[in-house]
Amino acid sequence: MLRKSSRIDGMALSEIVAISEAAARLRASGHDVLALSTGEPDFPTPPHVRKAATLAMQNGVTRYMPTSGMPALRKAVADAAGVAPAHVIVSTGAKQVLANMFLATLDPGDEVVVPAPCWSSYFDMVALAGGETVKLRCGAEAGFKMTPEQLEAAITPRTRWLLLNSPSNPTGAVYTAAELAALGAVLKRHPHVWIASDEIYDLICYAPFTSFRQACPELADRTMLINGVSKAHAMTGWRIGWGIAPPTLIDAMTAVQGQVTSGACSIAQAAAVAAVTGDMQHIDDRRDAFRARRDYVVDALNAIPGIDCPVPDGAFYVFPSCAGVLGHKTPDGTVLETDADFCGHVLASAGLAIVPGRAFGLPGHFRLSYAYARSDLEEGCARLQRAVADLT
Ligand code: PLP
């Protein structure tokens, strides 16, 4: 029998993946299932980016890359951030940047403060690296954002990181410059705490976006900024992300990456150079399209009795409350007790896959991604409406 390491104790299949797989199983058995559950733009990777990849292949850019990244990509990212390339690591997706960062810095018992709801992978990544997540509940009444008081109260001598994500997955909440500065004022009093700012949705923002580095430049010597091409450039499958941080941290992360994956895919890095330095018109066009979809989805969901959908300022998710439908009965007499019960009912009765809020650390809600075609969103909202109308 396989003996698994204690390191992966409690690490379950991500609930998002589980929902997608349940939907795929239903579909395979002949059911009509629509998934609005994944955080992946439906747009294609822009043509000039795909062309750069083709050229890279034809020109023999097919060998091992330097571990910390293709020099042209490190330079492009560094130039845009106003730092030297030594401050940049390129990894196999933003996900690997985060994993490298935690593996390079956490010892058992070290704490990572995370405002929740948040992207569910954070919890498992911290655990995999031996750390402990200190989850701060940030509900709809607080705009899903952490206050300086919450942060101050959460910091202990074991706190290693504050992990921020703005715009947020799953809520779309965006911290203003003033809110970031107020958090920065707390952090200034605690020099042992580093800040990881995951800004992967920075270019998909409908309100003014402020990077943590802009809001708190005086904390740059303990700030890690995480970004990549997956979301804004519709390049989820290319697996390119980067971190910007002091070179001491970049070097430690490079040592980790060197033993896990080596440098990221050469062809994908060449494509990412084209994405980062090339024409950006698609960013504006797609942001406008996402905003129109958001407006449609928010209105359609708020028209459903028992569903309460705040308007998100960024990313491509809504995170409505389903508290108003809990306690109601499905046609077979089952009482919906939790958000997961509700999402299960919506999938079983209406063939719509959405993700329960508990996967992100805030039960009583669900996440619906609007990175889908308008026709799918219309159909999805109609299915949700039908699933709620079935309840008594
Ligand atoms: N950070 C957040 C908040 C995300 O939502 C995601 C993907 O869903 C990532 C990071 C991972 O990005 P990548 O595809 O670059 O690994």
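This note reviews the domains, the nonpolar core and the sheet of a predicted model.

1. Basis. The model is predicted; local features require pLDDT of at least 70 and side-chain atom pairs count only at pLDDT 80 or more, while totals for chains, interfaces and linings use all residues. Residues are numbered from 1 along each chain as its sequence is written.

2. Domains. The protein divides into domain 1 (6-44 + 282-389) and domain 2 (63-277), with bounds that come from an automatic or database domain assignment. Their C-alpha centres are 26 Å apart.

3. Domain contact. Between the two domains, 31 residues of domain 1 are in contact with 30 residues of domain 2 (contact: C-beta atoms, placed from the backbone, within 7 Å). On the side of domain 1 that touches domain 2, the elements giving two or more residues are α1 (15-28), α11 (281-302) and β9 (317-318); helices (H or I, at least four residues) and strands (E, at least two) are DSSP runs, numbered from the N terminus. The largest share, 4 residues, comes from α11. This side comprises 17 nonpolar, 7 polar and 7 charged residues, where Ala, Val, Leu, Ile, Met, Phe, Trp, Tyr, Cys and Pro count as nonpolar, Asp, Glu, Lys and Arg as charged, and the others, Gly among them, as polar.

4. Core. The largest nonpolar core holds 124 residues, and Ala271, Ala272 and Leu352 have the most contacts inside it. Such a core is a set of buried Ala, Val, Leu, Ile, Met, Phe, Trp, Tyr and Cys residues joined through C-beta atoms within 7 Å (buried: 20 or more other C-beta atoms within 10 Å of the residue's own, C-beta atoms being placed from the backbone). Helix α10 (residues 266-277) supplies the largest share of this core, 8 residues. Domain 1 and domain 2 both give residues to this core, so it lies between them.

5. Leu352. Leaving aside neighbours within four places in sequence, Leu352 is in contact with Leu34, Leu36, Val346, Leu347, Gly380, Arg383, Leu384 and Ala387.

6. Sheet. Seven strands form an open sheet in the order β2-β8-β7-β6-β5-β3-β4, with mixed pairing (strands pair if DSSP finds at least two bridges between them). Because β2 (88-91) and β4 (132-137) stand at the edges with a single partner strand each, one side of each is left without a neighbour in the sheet. The twist averages 20° from one strand to the next.

7. Strand pairing and packing. Strand β3 (residues 111-116) pairs with β4 in the parallel sense over 6 bridges, and Ala116 stands opposite Arg137 in β4. Helix α3 (residues 71-81) packs on the sheet, touching β2 and β8 (241-244), and its direction makes about 130° with that of β2; axes are lines fitted to C-alpha atoms, for helices over the stretch in contact, and angles run from 0 to 180 degrees between N-to-C directions.

Methods:
Buried ≥ 20, exposed ≤ 12 C-beta atoms within 10 Å, placed from the backbone.
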